[in-house]
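Subject: Structure handover

Hi,

Here is the structure to look through. Please open it beside this email and follow along.

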Amino acid sequence: MILLTMAVTVKSLRPTCANGVCNKASSLQIAFFYMSLYTIAIGAGGTKPNISTFGADQFDNYSLIEKKQKVSFFNWWMFSSFLGALFATLGLVYIQENVGWGLGYGIPTVGLLVSLLVFYIGTPFYRHKVIKSDNLAKDLVRVPIMAFKNRKLNCPSAVLELHELDSHYYKSTGKHQVHHTPIFRFLDKAAIMTCSGELPCTVTKVEVAKRVLGLTLIWLVTLIPSTLWAQVNTLFVKQGTTLDRKLGSHFQIPAASLGSFVTLSMLLSVPMYDQYFVPFMRKKTGNPRGITILQRLGIGFVIQIVAIAVASAVEVKRMRVIKEFHIASPKNVVPMSIFWLLPQYSLLGIGDVFNAIGLLEFFYDQSPEEMQSLGTTFFTSGIGLGNFLNSFLVTMVDKITSKGGGKSWIGDNLNDSRLDYYYGFLLAISIVNMGLFLWTASKYVYKSDEIKEFSGGCVEMEAKALDTSPLTIQL
């Protein structure tokens with residue numbers, strides 16, 4: 001951020017301008033600017049996958065009070081993140097455009113320096129999870145390889161016949177033992193003891209691989225919802241640029257600023273969810289979270305589907321107004337208020353309370369004990385890939401629909417396109433994806449770590465075999 005601030009303030013590092021016209025940036029200026037951006041990206045690669053995980057690690061799973069508090073952690077973590085995003089989109093963007101880019105970048109730079117100072121002050125008080133396992137990545141690769149080598153062997157009917165170390169080994173080393181589960185039985189072949197002389201994988205290592213595979217399947221069915229969310233910064237904005245954006249006689253609302261309503265609706269919904277919805281559902285279900293994490297995701301995905309359906313309906317209305325007033329030019333403003341887009345933005349913000357926060361909590365909570373930063377990586381990579389998938393779909397649909405001189409659904413002139421058809425296409429694939437999610441969720445088996453409280457006030461963690469009953473999502 002210091003480099004980026006320098007890139008817009010130091011005269012030798014930015015192009016010279018005269019009468020509102022700027023000269024072309026030199027190779028050195030361009031190189032310095034992109035070096036600043038990639039330095040930020042590298043830094044974000046260190047913080048984003050780990051900081052929320054590190055925050056959740058501050059809660060002691062062996063304490064009943066802290067375990068209950070941890071349920072709310074991701075709600076308020078995401079709340080604070082969105083609060084920062086709201087300040088950036090409303091405050092910093094205004095400063096950058098109306099006061100100066102130097103101050104606009106300087107404020108978050110100072111903020112980061114203060115955050116760094118606070119972080120170091122808190123260092124003596126943080127809890128650090130000690131990783132006692134071996135090379136986890138190597139084990140994840142070795143399990144499927146061993147299972148493939150033993151593919152022609154039959155799995156023993158008794159779990160005790162599979163290779164596993166003595167429980168005293170795990171107690172003495174402090175490593176986490178994972179009990180056998182009946183899912184993904186083909187991977188159990190990696191733990192079959194053979195006469196080849198090659199040491200098989202332990203049941204614990206096989207179960208870790210199973211858990212990562214289960215997370216991967218859930219991750220795959222979250223890509224379409226991430227694609228739907230990408231519309232906030234793409235087609236929703238493009239849709240808004242064609243509408244009447246006047247607020248009063250002089251002020252015109254920037255189309256992109258409507259995205260702040262996603263943040264606002266999310267910020268309003270998080271306290272309601274945490275303070276009212278969770279306690280209410282906790283009484284009904286007995287679940288500390290109120291509802292299971294996959295149920296939370298399912299509700300969020302349904303809200304997203306409703307949002308894209310509303311967007312499609314609004315687009316149908318926009319097309320009717322265009323036809324009524326015979327609008328053809330992309331420069332002509334459609335006589336329809338931009339506030340017609342508010343419901344779809346607000347619904348996506350409410351949906352985020354269920355699916356975005358739910359995804360972050362799910363991947364952290366369900367990741368293997370020593371790999372919980374991997375869970376956050378699942379979350380961030382899903383969002384990134386969803387954006388790539390969105391770009392791919394837009395490009396492919398544009399090419400296919402404009403083939404042979406046809407009218408593109410997403411052309412440069414949105415007043416002469418069929419965006420309603422594209423939203424209908426997104427609605428169809430999101431409904432199909434919802435069916436896949438329900439099927440995957442019904443097969444998923446949660447990690448089962450229970451805490452028992454004893455009369456003396458002490459607590460003990462009991463790890464036991466997972467419940468293999470089908471998981472049904474009540475929506």
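First, a term you will need: a helix axis is a line fitted to C-alpha atoms over the stretch in contact, and the angle between two axes runs from 0 to 180 degrees. Keep in mind that this is a predicted model.

**Helix 5 and helix 7**

Start with helix 5, residues 136-149. Its axis comes within 9 Å of the axis of helix 7, and the two cross at roughly 95°. Angles of 65 to 115 degrees count as roughly perpendicular. Helix 5 and helix 7 are therefore roughly perpendicular to each other.

Which residues meet here? From helix 5 come Asp 139, Leu 140 and Val 143. From helix 7 come Lys 205, Val 206, Val 208, Ala 209 and Val 212. By class, this contact of helix 5 with helix 7 has six nonpolar residues, two charged ones and no polar ones.

**Helix 7 and helix 13**

Helix 7 covers residues 203-220, and helix 13 covers residues 372-401. They pack at an angle of about 25°, with axes 11 Å apart. That angle makes helix 7 roughly parallel to helix 13. The crossing is right-handed.

On the helix 7 side, look for Val 212, Leu 215, Thr 216 and Trp 219. They meet Leu 374, Phe 378, Ser 381, Gly 382 and Leu 385 in helix 13. The contact of helix 7 with helix 13 has six nonpolar, three polar and no charged residues. Note Val 212: this residue of helix 7 meets helix 5 and also takes part in the contact with helix 13.

**Helix 3 and helix 10**

Now move to helix 3 and helix 10. Their axes come within 8 Å and cross at roughly 165°. Helix 3 and helix 10 are therefore roughly antiparallel to each other. Their crossing is left-handed.

The helix 3 side includes Trp 76, Phe 79, Phe 82 and Leu 86. The helix 10 side includes Leu 264, Leu 267, Val 270 and Tyr 273. The residues of this contact divide into 13 nonpolar, six polar and three charged.

**A cavity**

How many cavities of 30 Å³ or more are there? The count comes to four. Look at the second largest cavity, with a volume of about 60 Å³. Its lining is Val 71, Asn 75, Tyr 273, Val 278, Arg 289, Ile 291, Arg 296 and Glu 361. Helix 3 (64-98) and helix 10 (260-285) are the elements that give two or more residues to this lining. By class, the lining has four nonpolar, one polar and three charged residues. Asn 75 and Tyr 273 line this cavity, and they are also among the residues in the contact of helix 3 with helix 10.

Best wishes

Terms used. Residues numbered from 1 in each chain as written. Predicted model: local features only at pLDDT ≥ 70, side-chain atom pairs only at ≥ 80, totals over all residues. Heavy atoms only, no water. Helix = DSSP H or I, 4+ residues; strand = E, 2+ residues; numbered from the N terminus. Parallel < 35°, antiparallel > 145°, perpendicular 65-115°, else oblique. Left-handed = near helix turned anticlockwise from the far one by under 90°. Contact = heavy atoms within 4.5 Å. Nonpolar A, V, L, I, M, F, W, Y, C, P; charged D, E, K, R; others polar. 1 Å grid on protein atoms, 1.4 Å probe; cavity = no way out; pocket = protein on both sides within 12 Å on 5 of 7 lines; lining within 4 Å. Points joined across faces, edges and corners; volume = space filled by probe spheres on them.
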